[in-house]
Amino acid sequence: MTKLYFLLPMFSASLFLAQQKDSVGLISEVRIDAYKKPTAFISSTKSVSVVSQNLLIQNPPERMLESINQVAGARMEERSPGSYRISLRGSTLRSPFGVRNVKVYLDDFILSDASGNTYFNVISPGLIDRMEIYKGPEGGDYGAATGGTVLLKTKRSDQISANLSAGSYGTFNESFDLSKQLGKHFVEVFQNYYQTDSYRKQAKVQRKQVFLKDHFKYSEKGLLKAMLMYSDLDYQTPGGLTLEQMYADRRQARPATKTIPGAKEQDAGIRNKMILAGLSHEFNITPEFFHFVMVQGSYVDFENPFITNFENRFEKNFALRTHFNYEKNGNSVSLAYRLGFEGGINDILVKNYDNIRGIKGNIQNFDRLKNTSGFYFLSQKLNIGERLFTDISVSLNSTAYDWQRQYPREENGKVWFKNQWLPNFGAVYIIGKGFSIRGKIGKGNSAPTNEEIRSSTQQFNADLKPEFGWNKEAGIRKQFGNSIFLEGSYFDFRMKDAIVRRQNDAGQEYFVNSGETVQKGIEVLIESKNFDLKNNVLSRFKFRFSGSFYDFKFKDYRQNENDFSGNDLTGVPKTTINSLLNLTFFRKLLVDYSHFYTSKIPLNDANSVSSDACLIGNVRFGLPVDLDKTRLNLFLQIQNLYNEEYVLGFDINAFGNRYYNPAAKRNFVFGVKVDF
């Protein structure tokens with residue numbers, strides 16, 4: 001905690017200095033896209049955070065963890081390199097890997113499949129130019145998800161760049177990005193190759209990605225967009241350790257027992273090849289009337305040698321989104337409507353074999369699972385003058401799945417979940433310039449994903465039900481002069497039938513409904529502009545401070561003879577505090593100094609085991625060098641500056657107390673980004 005005490009006075013002194021400077025220029029008024037429902041950030045009814053380039057450059061080459069974790073209410077975890085999950089207000093309860101209960105879009109297209117699962121780790125951080133993170137249910141616009149929604153944005157302006165970096169544990173990263181306006185076409189070509197041996201044994205990662213897009217403005221009224229993405233991700237999984245094993249050797253993979261082989265012996269890992277292609281079309285029928293349609297398809301070849309089996313999954317996905325927008329602006333009143341539909345089909349063939357030291361053995365089970373989901377949505381925005389902004393929306397959501405066991409015996413079934421109406425009501429009132437208050441209430445619903453219906457136990461859980469609940473929140477946004485921006489939010493989310501993860505003695509996960517949870521929290525953001533200090537030593541200065549303060553409890557939750565009602569919610573820290581200082585020395589040298597504090601985390605539902613609190617510091621040095629028409633951006637990143645022993649992603653409710661996935665100690669990445 002000494003480091004935290006050191007950090008806070010430093011932050012306070014910095015804040016005082018910033019307030020004393022009579023700087024020029026306002027903090028930019030951010031506009032959010034909200035999937036073609038644009039609005040000014042100050043007047044948005046939603047609990048949304050924008051992740052800009054200033055945060056994105058804090059990421060090392062393999063992940064977007066550092067930028068996402070600077071957002072109050074958002075948390076990205078790394079169980080092992082290549083294996084990530086995203087929590088928006090506590091939603092990793094059900095994510096052993098991947099992203100569930102959070103809807104993810106990539107530009108106009110949908111990265112999540114029809115069941116709600118997202119392979120977020122196939123995306124290279126270098127592809128993303130901006131992110132919008134919506135916390136809490138937004139069923140009226142994005143359908144069924146109780147955690148939230150993430151919008152990923154690629155490049156929108158001309159840029160030709162190349163990136164080359166290397167670092168600790170055999171890390172190597174190379175990428176190339178060309179974005180350019182060519183007549184009526186705006187094209188982007190992105191390519192990335194990444195590899196690392198990683199800190200732990202049995203934890204190598206290799207990722208290859210190619211991304212192509214073309215925005216064809218064929219007329220004043222019409223815009224046609226095409227996208228093609230191919231990713232090939234191969235990473236090993238070292239597995240969780242007990243506390244004693246972690247203290248004995250933090251770098252070891254999960255060892256063998258008398259009855260079960262270890263991760264290295266079984267060559268445990270995941271190999272995921274994914275291709276995603278889509279077309280979208282926008283057309284302004286009249287100045288007030290707009291139509292949008294998007295179609296896409298994807299194919300996934302997924303291979304997972306695990307401790308107890310060798311699994312192949314072959315996934316075919318199809319999705320459609322279309323809507324009509326109508327907007328009418330008067331002298332003092334503006335009105336907008338949106339009516340549309342989004343739906344998808346996810347068809348998976350799953351084949352499980354014995355795992356003979358990383359090689360397929362005898363057949364265990366062959367199964368097919370087909371998930372169909374969709375929602376109709378209607379929203380209305382009514383703005384009165386420049387003071388009152390309202391957003392009312394509702395969606396009708398349906399989900400069903402068919403399951404079929406093909407081997408060793410034939411069985412089949414079908415499950416229809418009850419259709420859900422998901423309303424959202426939000427309002428913002430502008431009290432004065434740069435000062436708004438907002439209120440919001442909405443219902444969220446999230447059905448089980450395919451990986452939860454048929455988990456690694458290879459059993460179909462037809463009794464698993466969707467989780468749902470109501471979220472109420474209020475917040476303020478305030479800009480102080482031309483220097484400081486403050487945002488505060490309070491929410492109260494009551495969720496029923498929450499889906500949580502369990503593990504059996506073989507390390508296989510399965511899922512159960514956990515009764516009711518009560519999730520209350522406060523989220524705070526303080527951010528400054530980039531101050532010009534008019535000093536040749538310390539030339540410029542900017543700070544960002546965010547915090548989440550949660551009281552998440554189980555309510556009416558019993559497991560066999562155990563009553564866990566009133567316990568803290570598993571896997572959720574009560575407090576996270578994050579800071580980022582952007583410093584410029586000698587008008588040239590850029591220094592980004594960030595901290596991430598996480599309080600202790602309950603690791604099982606009984607709250608009998610908790611993690612230790614931790615404070616992690618990172619620093620990034622950047623030096624731009626101009627050569628004629630080319631700029632070299634040299635950088636050095638030092639991760640885990642204080643060389644802490646900590647865990648970046650726990651296995652919650654793990655059998656045999658194998659909760660711990662140790663993170664790397666102090667490590668570095670050195671590289672150069674060339675802008676042509």
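Biologist: Which strands form a hairpin with S19, and how many residues sit between them?
Modeller: S18 does: S18 and S19 make a hairpin, with four residues between them. Keep in mind that this is a predicted model.

Biologist: How many bridges join S18 to S19?
Modeller: 17 bridges join S18 to S19, which covers residues 310-329, and the two strands run antiparallel. Across that pairing, Phe 292 stands opposite His 323 in S19.

Biologist: And what about S17 and S18, how many residues are between those two?
Modeller: Four residues again, and S17 and S18 form a hairpin too. S17 (residues 269-284) and S18 (residues 289-305) run antiparallel, joined by 14 bridges.

Biologist: Which residue in S18 is the bridge partner of Arg 271?
Modeller: That's Glu 303.

Biologist: Switching topic: how many salt bridges are there in the whole structure?
Modeller: A search turns up 56. One of them is between the side chains of Arg 63 and Glu 66, at 2.6 Å from N to O.

Biologist: Are Arg 63 and Glu 66 buried or exposed?
Modeller: Both are buried. Glu 77 and Arg 85 also form a salt bridge, at 2.6 Å, N to O, and each of these two is buried as well.

Biologist: What does Lys 665 pair with?
Modeller: Its side chain meets that of Glu 645 in a salt bridge of 3.5 Å, N to O. Both residues lie in the loop between S38 (630-639) and S39 (667-675), 20 residues apart.

Biologist: Why is Lys 665 called partly exposed?
Modeller: Because its relative accessible area is 22%, and buried would need under 20%.

Notes: Residues are numbered from 1 along each chain as its sequence is written. This is a predicted model: local features need pLDDT of at least 70, side-chain atom pairs count only at pLDDT 80 or more; totals for chains, interfaces and linings use all residues. Side-chain values use heavy atoms; hydrogens and water are left out. A salt bridge is a side-chain nitrogen of Lys or Arg within 4 Å of a carboxyl oxygen of Asp or Glu. Buried means under 20% relative accessible area, exposed over 50%, partly exposed in between (1.4 Å probe, protein chains only). Two strands pair if DSSP finds at least two bridges between them.
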